[in-house]
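Hello,

Here is the structure I promised to pass on to you. Please open it beside this email, and then read on for what I found in it.

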Amino acid sequence: MEAIIADEKIDITKEICPMTFVKTKLKLESMRSGQILEVTLRDGEPLRNVPRSIKEEGHHILHIQKEGAFYKLLIERR
């Protein structure tokens, strides 16, 4: 599998719900369709809620991977 290069990155590991989704959504809104956003987030509520909410907004989840204590989420802006 070819490595996916993110156009933008945000770290929401210090945020709590619902700000985890709000910050992710605002960042995606500043991007163009087709661009890739890499989000670093915590396990638990953020990992359950952010991907679900992003899908509901019509964006595409490309990949979720555990990296150390956190997770990396790759989202393609639609």
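Thr24 lies in helix α1, and this being a predicted model, please read every value below as computed from that prediction. Is Thr24 buried or exposed? Thr24 has a relative accessible area of 0%, and since anything under 20% counts as buried, Thr24 is buried. Setting aside neighbours within four places in sequence, Thr24 is in contact with Ile10, Ile12, Leu37, Val39, Val50, Ile54 and Ile75. Arg48 sits 24 residues away from Thr24 along the chain, and their C-alpha atoms are separated by 14 Å.

Now for the whole chain. How does the radius of gyration fit a compact globule? A compact globule of 78 residues would have a radius of gyration near 12 Å, and the protein chain has 11 Å, so the two agree. The C-alpha trace spans about 25 × 25 × 20 Å along its principal axes.

Of the 78 residues, 38% count as buried. Taking contacts with a separation of 6 or more, 64% are between residues 24 or more positions apart. The chain exposes about 4900 Å², with carbon and sulfur atoms supplying 49% of that area. As for charge, there are 14 positive and 13 negative side chains, and the centres of these two sets lie 2 Å apart.

Next, have a look at helix α2, which covers residues 45-56. Which residues of α2 are buried? They are Pro46, Leu47, Asn49, Val50, Pro51, Ser53 and Ile54. The cover over the buried residues of α2 includes α1 (19-29), β2 (36-41), β3 (60-67) and β4 (70-76).

Most residues other than glycine have a negative phi, and most peptide bonds are trans. Just after α2, Gly58 takes a positive phi of about 100°. A cis peptide bond joins Cys17 and Pro18, with omega at about 10°. Pro18 is placed in the loop between β1 and α1.

Lys14 also has its place in the loop between β1 (8-11) and α1. Is Lys14 buried or exposed? The cut-off for exposed is over 50%, and Lys14 has 78% relative accessibility, so Lys14 counts as exposed. Lys14 and Glu45 are 31 residues apart in sequence, while their C-alpha atoms are 13 Å apart in space.

Finally, find His60 in strand β3. With a relative accessible area of 36%, His60 is partly exposed. Which residues does His60 contact, leaving aside its neighbours within four places in sequence? They are Leu74, Ile75, Glu76 and Arg78. Lys72 is twelve residues from His60 in sequence, and the distance between them is 14 Å, C-alpha to C-alpha.

Happy exploring, and do write back with any questions.

Best wishes

Methods. Residues are numbered from 1 along each chain as its sequence is written. This is a predicted model: local features need pLDDT of at least 70, side-chain atom pairs count only at pLDDT 80 or more; totals for chains, interfaces and linings use all residues. Side-chain values use heavy atoms; hydrogens and water are left out. The radius of gyration is taken over C-alpha atoms; the globule rule is 2.2 Å times the number of residues to the power 0.38. Buried means under 20% relative accessible area, exposed over 50%, partly exposed in between (1.4 Å probe, protein chains only). Contact means heavy atoms within 4.5 Å. Accessible areas come from the Shrake-Rupley method with a 1.4 Å probe; for residues, only the protein chains shown count as cover. Lys and Arg count as positive and Asp and Glu as negative; His and the chain ends are not counted. The place of a charge is taken as NZ of Lys, CZ of Arg, CG of Asp or CD of Glu. Helices (H or I, at least four residues) and strands (E, at least two) are DSSP runs, numbered from the N terminus. The expected span of a helix is 1.5 Å times one less than its number of residues.
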